[in-house]
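Hi,

Here is the structure I promised to pass on. Have a look at it first, and then read my notes below.

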Amino acid sequence: MINEKQLLDFATPYYKGKDIMHDLWHIELVKRALHKIFALGR
């Protein structure tokens, strides 16, 4: 299973310099939302 750091290391080169809806900050926001969703399901 891939861990969060491995996934970020893999994805970073593809998202550097993208527009604000697809850059690394947007990915961070999605990641935070997923953590909240999973926390609610426990």
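A quick definition to begin with: helices (H or I, at least four residues) and strands (E, at least two) are DSSP runs, numbered from the N terminus. Bear in mind that this is a predicted model, where local features need pLDDT of at least 70 and side-chain atom pairs count only at pLDDT 80 or more, while totals for chains, interfaces and linings use all residues. Residues are numbered from 1 along each chain as its sequence is written, and side-chain values use heavy atoms, with hydrogens and water left out.

**The overall picture**

The protein chain has two helices and zero strands. Along the principal axes, its C-alpha atoms fill a box of roughly 35 × 25 × 10 Å. Of the 42 residues in the chain, 7% are buried (buried means under 20% relative accessible area, exposed over 50%, and partly exposed in between, with a 1.4 Å probe and protein chains only). The accessible surface is about 4100 Å², and carbon and sulfur atoms account for 67% of that. Those areas come from the Shrake-Rupley method with a 1.4 Å probe; for residues, only the protein chains shown count as cover.

Lys16 sits in the loop between α1 and α2. This lysine is exposed, at 59% relative accessible area. Its C-alpha atom is 23 Å from that of His35, which is 19 residues away along the chain.

**Salt bridges**

There are four salt bridges in the structure (each one a side-chain nitrogen of Lys or Arg within 4 Å of a carboxyl oxygen of Asp or Glu). Here are three of them:

- Glu28 and Arg32 meet through their side chains at 3.1 Å, N to O. They are four residues apart in helix α2, so about one helical turn separates them. Both are partly exposed, Glu28 at 22% and Arg32 at 43%.
- Lys5 pairs with Asp9, with the closest N and O atoms 2.7 Å apart. Again the two are four residues apart, this time in helix α1, so they are separated by about one helical turn. Lys5 is exposed at 57%, whereas Asp9 is partly exposed at 46%.
- Glu4 pairs with Lys31, and their closest N and O atoms are 2.9 Å apart. This pair links distant parts of the chain, since Glu4 is in helix α1 and Lys31 in helix α2, 27 residues apart. Glu4 is partly exposed at 42%, and so is Lys31 at 26%.

Glu4, Glu28, Lys31 and Arg32 are also linked in a network of salt bridges.

**The largest pocket**

How much space lies in the largest pocket? About 400 Å³. On a 1 Å grid over the protein atoms alone, a pocket is an open set of points where a 1.4 Å probe fits, with protein on both sides within 12 Å along at least five of seven lines; lining residues have an atom within 4 Å of a point. Grid points are joined across faces, edges and corners, and the volume is the space filled by probe spheres set on the points.

The lining has 14 residues, with Glu4, Leu7, Ile27, Lys31 and Leu34 nearest the centre. Two elements, α1 (4-15) and α2 (24-40), each give two or more residues to it. The largest share, eight residues, comes from α2.

Enjoy exploring!
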